Amino acid sequence: MSNRTMVAGNWKMNTTPAEGAALAQAVIEHVGTPGTKVVFGVPAIQLTQIQALTSKAPGFYVAAQNMHQEDSGAYTGEISARMLAAAGVDYVILGHSERRDYFGEDDTLIHAKILKALAAGVQPIYCCGEKLNIRQAGNHEMVVGKQIEQALFTLEAEQMRQVVIAYEPVWAIGTGVTASPEQAQDMHAFIRRMIHNYFGQDVAESTTILYGGSVKPDNAEELFGMPDVDGGLVGGASLDAAGFAAIVKAL
């Protein structure tokens with residue numbers, strides 16, 4: 001198995017601390033020793049307890065679902081990269097379509113967050129993707145390409161090696177509609193070519209690119225069989241231990 005493979009679950013605003021601990025423990029038991037990296041993206045209130053679980057389970061990691069772009073300050077309700085690093089958090093999800101839509105985050109802000117995460121030693125899982133009208137107009141590569149450029153193209157090559165990219169076709173999130181394996185592969189290959197052209201072949205070949213649009217146990221194997229699809233960023237299906245474990249085992 002390639003060392004760039006990963007399955008990350010994004011729990012979003014779901015599960016109480018007790019429910020989250022039970023879910024993570026059940027996934028760990030179902031999976032056993034994973035053949036890929038497995039990441040739990042959990043609500044902030046659960047970061048330390050899930051980190052305590054993953055620290056004892058090789059191959060499992062914890063991710064925050066967001067962070068602030070400043071180190072500290074009068075930002076009520078926010079969490080900084082330094083805090084995440086000090087708590088032993090491995091990854092942080094940045095640029096998710098819900099953050100873009102509901103909270104107005106753009107790639108200038110997301111870029112600032114990426115820099116802070118990298119400086120603190122927390123690996124960003126950078127989300128990019130297009131809406132349905134953009135896909136229908138045939139402008140999906142242009143839009144995703146611009147997102148990649150604005151968020152990542154001022155990084156140094158060594159910084160880029162620490163970034164995970166998650167392609168999420170917004171039209172396939174929570175809708176039950178999934179991009180075909182060919183559509184996913186085409187966009188992942190396009191993203192990898194962009195990384196190759198800017199950062200070089202070595203960085204491109206080592207960059208993890210996840211698919212993030214309604215991944216489920218019944219479509220995971222086919223999606224993950226595409227050469228440039230390195231795994232998934234899983235939403236709703238990550239809340240079912242057996243189903244999420246089946247997705248992990250499909251990689």
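Modeller: Start with the naming. A helix is a DSSP run of H or I with at least four residues, a strand is a run of E with at least two, and both are numbered from the N terminus. The model is predicted, so local features need pLDDT of at least 70 and side-chain atom pairs pLDDT 80 or more, while totals for chains, interfaces and linings use all residues. Residues are numbered from 1 along each chain as its sequence is written, and side-chain values use heavy atoms, without hydrogens and water.

Colleague: Next, accessibility. Is N66 buried or exposed?

Modeller: Buried means under 20% relative accessible area, exposed means over 50%, and partly exposed is in between (1.4 Å probe, protein chains only). N66 has a relative accessible area of 18%, so N66 is buried.

Colleague: Which residue has a side chain joined to that of N66 by a polar contact?

Modeller: A polar contact is a pair of N or O atoms within 3.5 Å; within protein, one must be able to donate a hydrogen and the other to accept it, and residues adjacent in sequence count only if both atoms are side-chain atoms. The partner is K113, at 3.0 Å from side chain to side chain.

Colleague: Now the largest pocket. Which residues lie nearest its centre?

Modeller: Take a 1 Å grid over the protein atoms alone: a cavity is a set of points where a 1.4 Å probe fits but cannot get out, whereas a pocket is an open set with protein on both sides within 12 Å along at least five of seven lines, and lining residues have an atom within 4 Å of a point. Here 20 residues line the largest pocket, and K12, M13, Q65, N66 and R99 lie nearest its centre. Helix α4 (residues 97-103) gives the most to that lining, with 4 residues.

Colleague: K12 is in that list. What is the phi of K12?

Modeller: Most residues other than glycine have a negative phi. K12 is not a glycine, yet its phi is positive, about 55°. K12 is in the loop between β1 and α1. Its relative accessible area is 22%, so K12 is partly exposed.

Colleague: What is the phi of S214?

Modeller: S214 also has a positive phi, near 55°, in a residue other than glycine. The loop between β7 and α11 holds S214. With 13% relative accessibility, S214 counts as buried.

Colleague: On to helices. Which residues of helix α2 are buried?

Modeller: In α2 (residues 47-54), those are L47, I50 and T54. They cover an arc of only 75° around the axis (taken from the directions from the helix axis to the C-beta atoms), which puts them on the same side of α2. The buried residues of α2 pack against α1 (17-31), β2 (37-42), β3 (60-64) and α3 (81-86).

Colleague: And what do the buried residues of α12 pack against?

Modeller: The list is β1 (6-10), α1, β2, α11 (220-224) and β8 (231-234). Helix α12 (residues 241-249) has A241, G243, F244, A245, I247 and V248 buried.

Colleague: Last, a strand residue. Which strand holds Y211?

Modeller: Strand β7 (residues 209-211) does. Y211 is buried, with a relative accessible area of 0%. A polar atom of its side chain lies 2.9 Å from the backbone oxygen of G213. Beyond four places in sequence, Y211 has contacts that include Y167, H188, L223 and L233.

Definitions and conventions: Contact = heavy atoms within 4.5 Å.
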